[in-house]
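Biologist: I'm new to this one. Could you walk me through how to read a few of its features?

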Amino acid sequence: MEQWLKNLRKGYGKKLVSIHFWNAWIVVILAVTGLMLVGGFWREILGMGRVWLKWLHIIVGLAMLAPVVYYLILASKHWKQLRNRPWQKVNTIIVLVLLIGWLISGIVLWQFKLAGPKWSNAALLTHDLLTWLGLPYIIYHSITRTKWLKDSTRRTVSAGKSTKAISGTADSLGISGENATTAAATSAPRSDHASATTLPDQPQKPQPVYTRRAFIRSAVGVGLAVTLGPTFVSWVGRNLSIDNSIDSMLENDPNRLSPLPQPAAASSPPIGGGAEGHFRVYTVTPIPSFSNENWSFRIDGLVERAQSWNWEQFVKLTRTVQVSDFHCVTGWSVYKNTWEGISLKQLLSQAGVKPEAHSVKFYSGDGVYTDAITMDQAQMEDIMVAVMHDGKPIPADLGGPVRLVIPQMYAYKSVKWLNRIELIESEHIGYWEERGYDKDAWLTGAAQRIPNISS
């Protein structure tokens, strides 16, 4: 083992170049794919491609383990060379913390069902924090250090130069001792116009005006700007604005429905004490808006009595109040929400379910999104057609005026802008299930996976 490690660490200066090179590309790919996955701008146009993009992000993220482990094998030797360079030590620690933090939090998010909402929520916060604080730093570090380490004036041996010059070059790379001359002469890869030994009078080949490397750097820069731009602006708006609360959403709510629903006593003040956390707005279409003229709600399909309401009739229906947590499959959660609405079980009972009904299909008012649960799952007592959140109308950004709430499943089952429920005789594969999500979106430890219908 010792001999193997010794052989592996030979010429480690050149190996550091490779580590920086691969880290730079890995981080760029993760930045582009990760921010496209969370950005609403891109979610609306990716469609099925989002699933493939997610797997690319996961695979490349796991690939990050290779350069990290490779560096750790070389670390003891590198650390000795940095003994008189405190700032380079700090830089190395920062980069390692970022890479390892991304790797661990990413694995937790990947395995969110095993980790559960508490750990997933913490992992997402960590992942976001490391991304926005560390991404610019680590891309800059990886690209500039690779360029610096490959600089032929620093890494090559010129004929006629003294041993002192060679030692100075090696020292600037953090390489000293008997390997200095070898590392300085061999650690940088050769090219057609630069060799390990440059003669003073040797004619130089003309350099292209715009090199392939410059083109790649420009392409990466343009790609990052195009990809990160809309996502970064959206992120700033959500997280750095003075007021991104639900009250602010209601002030700018495009819905124009009258009368507004009036909260029950248990909703105002909310019995849950007020939601803890912040909703992230994800949509697959532009956010729709509604008025009394274009909004209606109906239950049809395999029912004995099809039901239909306009807004004035719907807000008069008897509502109940419940407190539940809200968990997104991407890792974030909002706790202790006080929802007010009509029990799905009550609505189905009122309509009368025909024996051949197998599933309950939900339609979004955006005209695109649908999802479904089985009739057995529909017996859960806490599934609600909600019209209020924490004693206030639900804004359009959060799926109002009416949305589905299924507390024991991940939120992609809780259809926003709900305006139709249909009972059907077969299974229905919902929007995200068609794109790779699980048909059953149970949370870890859900209490009623098989409801006791006879009770």
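Predicted model: local features only at pLDDT ≥ 70, side-chain atom pairs only at ≥ 80, totals over all residues.

Biologist: Okay, strands. Which strands pair with strand 3, and in what sense?

Modeller: Helices (H or I, at least four residues) and strands (E, at least two) are DSSP runs, numbered from the N terminus. Two strands pair if DSSP finds at least two bridges between them. Here strand 3 (residues 296-301) runs antiparallel to strand 4 (residues 307-310), with four bridges, and a hairpin of five residues links strand 3 to strand 4. Across that pairing, S296 faces N310. Strand 3 also pairs with strand 12 (residues 418-424), this time in the parallel sense over four bridges, and there I299 is opposite I421.

Biologist: Now a single residue. Is E340 buried or exposed?

Modeller: Buried means under 20% relative accessible area, exposed over 50%, and partly exposed in between (1.4 Å probe, protein chains only). E340 sits in strand 6 (residues 333-343) and is buried because its relative accessibility is 2%.

Biologist: What does E340 touch?

Modeller: Contact means heavy atoms within 4.5 Å. Leaving aside neighbours within four places in sequence, the contacts of E340 include R319, M384 and A264. A polar atom of the E340 side chain is 3.1 Å from the backbone nitrogen of A264.

Biologist: And which side chain does K336 reach with a polar contact?

Modeller: A polar contact is a pair of N or O atoms within 3.5 Å; within protein, one must be able to donate a hydrogen and the other to accept it, and residues adjacent in sequence count only if both atoms are side-chain atoms. The K336 side chain makes one of 3.4 Å with the side chain of E276. K336 is also in strand 6, but it is partly exposed, at 39% relative accessible area. K336 and G274 are 62 residues apart in sequence, yet 6.6 Å apart in space, C-alpha to C-alpha.

Biologist: Last one: which helix gives the largest share of the nonpolar patch?

Modeller: Like charges are joined within 9 Å, nonpolar side chains (Val, Leu, Ile, Met, Phe, Trp, Tyr) within 5 Å. Accessible areas come from the Shrake-Rupley method with a 1.4 Å probe; for residues, only the protein chains shown count as cover. Here W55, I59, L62, I107 and W110 make up a nonpolar surface patch with about 450 Å² of accessible area together. Helix 4 (49-63) and helix 6 (86-110) each give two or more residues, and helix 4 has the largest share, three residues.

Conventions. Residues numbered from 1 in each chain as written. Heavy atoms only, no water. Patch = residues over 30% accessible without salt bridge, like charges linked within 9 Å, V, L, I, M, F, W, Y side chains within 5 Å. Salt bridge = Lys/Arg side-chain N within 4 Å of Asp/Glu carboxyl O.
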